Amino acid sequence: MKESSREQSAERVQLCTTINGVEVACEVDAAESLMDLVRGRGLTGTHSGCEHGVCGACTVLVDDRPVRACIVLAAQVQGRTVETIESVGGPDDPSRLQRAFSACSGLQCGFCTPGFIMLATGLLRENPCPSEHEIVEAVSSNLCRCTGYASIVQSIASVVEADPDAGAPARPPSRERTHEA
Amino acid sequence: MKAPPISYAAAESVEEAVALLTEHGDDAKVLAGGQSLLPMLNLRLAQPGVLVDIGRIEELRHSGVTEEGGRLCGSLTTHRELEMGAVPSLGDVAVLRTAASHIGHLPIRTQGTIGGSIAHADSASEWCVLALALDAVIHVRGTGGARRMPAESFFHGFFSTALEPDEIITGIEFPVTGSSSANFEEYARRSGDFAIVASAVALDLREGRCESARIALGGVAGAPIRLPEVERLAEGHRFAGPDDEAVRELAHACAEAIDPPSDVHASSTYRKRLTEVLVSRAVAGCLRHDDSEGGRR
């Protein structure tokens, strides 16, 4: 074993991670969720819904893959790359998916929408041309109590149809370091 | 709710994880992907003092082939990797992909791990049921060194396994069974829910004759179970095809052999009925694979 000796358990954890392209070094509570970490940094577009991994409102991307931030500890994203809805686009520069959700009425009250956008962004990054079945299967992950889902599926499908070869929106340039595969 | 205050340590190696578990004993809980453990913490169903995070141990991501030719999959392999057939040493085994596709939802499958599922030992867990049917071997390491346990002796009962408090799962080995055809079926009311009943069947078929059978069920008892008495009924039988009456009889025998619990999700009677339907589909699926692949896998 190295001179640093064995890891000691502690209630506070030193964390280095990349959030929306910015390297972050901070100390967190061991019990703090990734959801509370990003919300505590002002990134409140990640919504807090059920807090036990059922509703999907807090979906973010970690190393390009969608995860539920309420059931991932902040400490688990050490050295990894986190993306929240704020990195995808805002009112002045919405992403294609966000424009599609707007155009196809893929949202009503909007509470679940950031989670759906992150889920769909992750889905399209892995598979730029999902079938309708694959889209339906993926969005079954998140709860929406307004739309009835048809318009959400249509929103995602419209991005695929509009430009099937364009692939998913690229992630913002990270300032440094990518996590090993 | 949010998780209660807790202590945390990230192990960088299996040895370090084992040392931490030895130090903290029953107060420690192993954190892999966290997709079962963290909801339990947030709901205060579990309140360990220390989390030992094994998520950074690179060795546990490795997959390969054992000396006996078994296909070994690192315990940190995610459900999604298995669903996408992205573990080279496992090859393209359809039943692994099928079972993985039933687990939770996409964001659960990207984070949750096969080792975590097996250690958690939920009776309805896809991996636990499949591990039984495929005669998987669970590789573990603890203070006493490494040992390999057949899945059949690993699951002891309600969320309990043969793992000692200082042991972690390092990998899951799927033996190569030459003429085996396997299939997985489950029923859940909504996509992503826990299965009410899950069934995995593996048949060793030679020109339609069943040399041996392994039938595993989930959701019908405190732990995932095998049905050895029913399996013996299948042995030696020459199935005429997926529609053979013997398929239905075998499935019926499975339903007769169990005494599942009733709960808010389903009655005992309904679980027995589901067992009959799902085993029947799983066996028919095996026979269909066998047909289309000339009996070889």
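Four bridges join β5(B) to strand β10 (residues 168-174) of chain B, and the two strands run antiparallel. In this pairing, G74(B) stands opposite G171(B) in β10(B). Strands here are DSSP runs of E with at least two residues, helices are runs of H or I with at least four, and both are numbered from the N terminus. Two strands pair if DSSP finds at least two bridges between them.

This is a predicted model, in which local features need pLDDT of at least 70 and side-chain atom pairs count only at pLDDT 80 or more, while totals for chains, interfaces and linings use all residues. Residues are numbered from 1 along each chain as its sequence is written, chains are lettered from A and ligands numbered from 1 in the order in which they are written, and side-chain values use heavy atoms, with hydrogens and water left out.

β5(B) has another partner. Strand β4 (residues 64-65) of chain B pairs with strand β5 (residues 71-74) of chain B in the antiparallel sense, over two bridges. G64(B) has L72(B) as its bridge partner in β5(B). β4(B) and β5(B) form a hairpin with five residues between them. In the turn, G69(B) has a positive phi of about 90°. In a regular strand the side chains alternate between the two faces of the sheet.

**Two domains in chain A**

Chain A is divided into domain 1 (5-88 + 171-176) and domain 2 (96-162). These bounds come from an automatic or database domain assignment. Taken over C-alpha atoms, the domain centres are 22 Å apart.

Contact means heavy atoms within 4.5 Å. Buried area is the accessible area (1.4 Å probe) that two parts lose on being put together, summed over both.

| Boundary | Residues in contact | Buried area |
|---|---|---|
| Domain 1 and domain 2 of chain A | 19 residues of domain 1 with 14 residues of domain 2 | about 1,400 Å², 62% on carbon and sulfur atoms |
| Chain A and chain B | 35 residues of chain A with 39 residues of chain B | about 3,100 Å², 53% on carbon and sulfur atoms |

Which residues of domain 1 of chain A lose the most area to domain 2 of chain A? They are H47(A), I85(A) and V88(A), together 32% of what that side buries.

Two salt bridges are counted between the domains of chain A. A salt bridge is a side-chain nitrogen of Lys or Arg within 4 Å of a carboxyl oxygen of Asp or Glu. E83(A) forms one with R125(A), with the closest N and O atoms 2.9 Å apart.

On the side of domain 1 that touches domain 2, β3 (59-62), β4 (65-68) and α2 (85-88) of chain A each supply at least two residues. β3(A) gives the most, with three residues. By class, this side has eight nonpolar, seven polar and four charged residues. Ala, Val, Leu, Ile, Met, Phe, Trp, Tyr, Cys and Pro count as nonpolar, Asp, Glu, Lys and Arg as charged, and the others, Gly among them, as polar.

**Where chain A meets chain B**

Four salt bridges are counted between chain A and chain B. In one, the side chains of R80(B) and E126(A) meet at 2.2 Å, N to O.

The side of chain A that touches chain B draws two or more residues from each of α1 (34-40), β4, α4 (113-126) and α5 (132-139) of chain A. β4(A) gives the most to this side, with four residues. The residues of this side divide into 16 nonpolar, eight polar and 11 charged.
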